[in-house]
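I opened the notebook today to look up a few features of this structure and to write down what I found.

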Amino acid sequence: MTATPPRPQHPRRHPSQPPRRSPRPSPPPLSADDGEKRLPPARLAFDVRTWKEIAHLLANLPMALVGFVYVTTVLLVGGALTFTVVGLPLLALALTGTRLLGRFERGRARVLLGLRIDEPSRLPLRRADGVLGRLWMALKDPVAWRAALYDVIRLPWGVLTFVTVLVSLFVLWPVLPFLARVLGDVDRAMVRGLLSPSDELERRIAELESDRGVVVDTAAADLRRIERDLHDGAQARLVNLAMGLGLAKEKLLEDPDAAAAMVDEAHGEVKLALQELRDLARGIHPAVLTDRGLDAALSSVASRCTVPVTVTADLVVRPAAAIEGIAYFTVSELLQNVSKHSGARSASVEVWRSENRLLIQVWDDGRGGAALDGGTGMRGLAERLDAVDGLFVVDSPPGGPTTVTAELPWRDRSPGGGSPT
């Protein structure tokens, strides 16, 4: 028989004694790394935009103090001295300073409030007649007077925003973002109402001044190009022609055969010179555009392109000569880009009228990648169209195809065939 092992003897528990519980193992202590991993990531209570609005509202008081002191001091002194010789010039100079304060406030609103306001155009002092004319133009400047009004009414508003935001930072911080947004919107309304350009006419004047500079630069560049082409092309050939005819005249009696060969060579030079003059005239204003219109002129340009081009012109009547010329040269330069840079196998040109706009679309199936700053003359075309209130849009993803859309304002042709006066 196998002996049974003895059972372990446990001490008997008295009924009145509570049962013994086995001790539970204590959890391992947390390391410093574990505690850091369980902490939520630190972040700002407000987003960046809210902090910018708060900074703008807190800066209202010092800026309002500077503007109010400047306006009340300089303008009141200038106004009080208007009966003296220095009064009006001092007042005009003070208004120039308010313009500078308005420019600074527009910049502050642009940086901290995200509000973009166009800069008013400068006073056209050069157009004024004499010193008195310039002085009167500066004294009646509406932009400067509205900037002065802005600086005056900002003082109580600056005190209110400074106190409200400063107290809210310590007492009402849960609702501070909403207060900052409301007060910031009031600031935006003040900047729009008092520091914007005078009206649509003011903005239009600024655009026209910029466009005028583009037109002048473009005209100067065209004149330099014509001068260079005449000097290097037709003029040089005509000089060679005169020299060849002079030599032929000298050899006419001595060596008639050599003289005849020189005359033949001079005849070839005349033909080349005439062809270069025709090309130059076509570059200035092609005769086919004047005689037969945009459809025939674009078809002539397309026939000289190295890529097969389909031209579709859906125009019942002809536009003004100036608009017609801009459309012609735009398509001509775009087709030159197609020939030189696109590597396309086919292209198309479509021209049509949509209400008061002349629309042009040039498409090709080339490699794409065209851009306004790509060095292919696209930027110059965009500037020329913008100078006449046109648009120029390039859609050219890498790999192609490329679609260039141009818009020009439609102007009816005058009965004489030119632009309306």
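The entries below cover a pocket, a pair of helices and a sheet.

**Entry 1, the pocket.** I kept in mind throughout that this is a predicted model. I looked up the second largest pocket, and its volume comes to about 280 Å³. I then went through its lining, which is made up of 15 residues, with Thr96, Arg99, Arg103, Arg122 and Leu123 lying nearest the centre. Helix 3, spanning residues 87-113, gives the most to this lining, with 7 residues. Sorted by class, the lining of the second largest pocket holds 8 nonpolar, 6 charged and 1 polar residues.

Next I asked at what angle helix 2 and helix 5 pack. I noted that helix 2 (residues 48-80) and helix 5 (residues 142-170) pack at about 140 degrees, and that their axes are 6 Å apart. Angles over 145 degrees would count as roughly antiparallel, so I recorded helix 2 and helix 5 as oblique to each other. The crossing of these two helices is left-handed, and by class the contact of helix 2 with helix 5 has 20 nonpolar, 5 polar and 2 charged residues.

I finished with an open sheet of 5 strands, whose order is 1-2-3-5-4 and whose pairing is mixed. Strand 1 (309-314) and strand 4 (391-395) are the edge strands, each pairing on one side only, and the twist averages 10 degrees from one strand to the next.

Technical notes
Residues are numbered from 1 along each chain as its sequence is written. This is a predicted model: local features need pLDDT of at least 70, side-chain atom pairs count only at pLDDT 80 or more; totals for chains, interfaces and linings use all residues. Side-chain values use heavy atoms; hydrogens and water are left out. On a 1 Å grid over the protein atoms alone, a cavity is a set of points where a 1.4 Å probe fits but cannot get out, and a pocket is an open set with protein on both sides within 12 Å along at least five of seven lines; lining residues have an atom within 4 Å of a point. Grid points are joined across faces, edges and corners, and a volume is the space filled by probe spheres set on the points. Helices (H or I, at least four residues) and strands (E, at least two) are DSSP runs, numbered from the N terminus. Ala, Val, Leu, Ile, Met, Phe, Trp, Tyr, Cys and Pro count as nonpolar, Asp, Glu, Lys and Arg as charged, and the others, Gly among them, as polar. Axes are lines fitted to C-alpha atoms, for helices over the stretch in contact, and angles run from 0 to 180 degrees between N-to-C directions. Angles under 35 degrees count as roughly parallel, over 145 as roughly antiparallel, 65 to 115 as roughly perpendicular and the rest as oblique. A crossing is left-handed if the near helix is turned anticlockwise from the far one by less than a right angle, and right-handed if clockwise. Two strands pair if DSSP finds at least two bridges between them.
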